[in-house]
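The stops below are given in the order in which to select them.

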Amino acid sequence: MLEPHERIDELFRENMRIIQSSETFSFSVDALLLADFVKVNKRDKRIMDLCSGNGIIPLLLSHRVTQPIDAVELQERLVDMAERSIQMNNKSEQITMFNMDIKSLKESMQHSSYDVITVNPPYFTNNQPIKDKGPMSIARHELHIDLKGIIEACRYLITNKGRLYMVHRAERSSEVFTELHNHGFRVRRAQYVYNDSSSKTAMFIVLEAIFNSNAYVDILPPLYIYNTDQTYSEGMLEVYFGNDRK
């Protein structure tokens, strides 16, 4: 099941496991925040996860939804790791990984076919320092696709009134809002995430955007990852372990 330099980590809230590697990409708190923010209802038929990495978002969502989940990831090794994790957790009938470039989605996927889309995109533009063009840089920097390209793909795939869920760096939130609006999305809910209550600036923004909607945005109360003593906050403990951890 494991290749060299790989390990198995626990997803405590979901009672699942995931394969990760020190040589490629390991998920971090932003993926947990995004999955926790997603709302799926009974009317939703299909879910898509873009920039899926090692499949963390589909695995987390599969714990609480029954709908089929598709996922797209560019890097072949990450797709292989994701598929083994999916098999290990007995989710092969629900989750399907596609090893493909987001820019080629129109060649093989149907227009307006997903009710819910999630995406944890590359955060950093190419005018920021890049050490190399290895797996981590591909995941973190817009080497292969930028924010506009990702949102264009979401617009192609999303159904009318479908919902897009995204996590991004807080300092790019203005750009995120603008690109979403330019492509027919209206942000419905947004939450800024801070390291702790003493932080002067936010780290992340997580949001829900609806396609072809006139909804107004609800800015939710801030989420703090840590208490001031650097223990996990109550909100973050729920993200990691759920409400029944006690």
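Predicted model: local features only at pLDDT ≥ 70, side-chain atom pairs only at ≥ 80, totals over all residues.

Residues are numbered from 1 along each chain as its sequence is written, and side-chain values use heavy atoms, with hydrogens and water left out. Helices (H or I, at least four residues) and strands (E, at least two) are DSSP runs, numbered from the N terminus.

**Stop 1: the cores**

Select Leu11, Phe27, Leu33, Ile56, Ile57, Leu59 and Phe204. These have the most contacts inside the largest nonpolar core, which has 38 residues. A nonpolar core here is a set of buried Ala, Val, Leu, Ile, Met, Phe, Trp, Tyr and Cys residues joined through side-chain atoms within 4.5 Å. Buried means under 20% relative accessible area, exposed over 50%, and partly exposed in between (1.4 Å probe, protein chains only). Helix α1 (residues 29-37) gives the most to this core, with 7 residues.

Now centre on Leu33. Leaving aside residues up to four places away in sequence, Leu33 touches Val193, Phe204, Val206, Leu223, Met236 and Val239; contact means heavy atoms within 4.5 Å. Another core, of 31 residues, lies apart from the largest one and has Tyr114, Ile117, Cys154 and Met166 among its members.

**Stop 2: α1 against α7**

Show α1 together with helix α7 (residues 234-241). Their axes come within 10 Å and cross at roughly 85 degrees. Axes are lines fitted to C-alpha atoms, for helices over the stretch in contact, and angles run from 0 to 180 degrees between N-to-C directions. α1 and α7 are therefore roughly perpendicular to each other. Angles under 35 degrees count as roughly parallel, over 145 as roughly antiparallel, 65 to 115 as roughly perpendicular and the rest as oblique. On the α1 side, select Val29, Leu32, Leu33 and Asp36; on the α7 side, Met236, Val239 and Tyr240. By class, this contact has 6 nonpolar, no polar and 1 charged residues. Ala, Val, Leu, Ile, Met, Phe, Trp, Tyr, Cys and Pro count as nonpolar, Asp, Glu, Lys and Arg as charged, and the others, Gly among them, as polar.

**Stop 3: α5 against α6**

At what angle do the axes of α5 and α6 cross? For helix α5 (residues 147-157) and helix α6 (residues 173-182) the crossing is at roughly 40 degrees, and the axes come within 10 Å. The two helices are therefore oblique to each other. Leu147, Lys148 and Ile151 in α5 meet Glu175, Val176, Glu179 and Leu180 in α6. The contact has 4 nonpolar, no polar and 3 charged residues.

**Stop 4: the inside of α5**

Stay on α5, where 8 of the 11 residues are buried. The cover over these buried residues includes β3 (47-50), β6, β7 (158-169), α6 and β8 (185-194). Pick Ile150, which counts as buried at 1% relative accessibility. Beyond residues up to four places away in sequence, Ile150 touches Cys51, Val119, Pro121, Pro122 and Ile145.

**Stop 5: two loop residues**

Go to Asn15, in the loop between β1 (6-11) and β2 (16-21). Phi of Asn15 is near 55 degrees, a positive value in a residue other than glycine. Asn15 is exposed, with a relative accessible area of 69%.

Finish at Ser112, in the loop between β5 (95-99) and β6 (114-119). Ser112 has a positive phi of about 55 degrees although it is not a glycine, and at 32% relative accessibility Ser112 counts as partly exposed.
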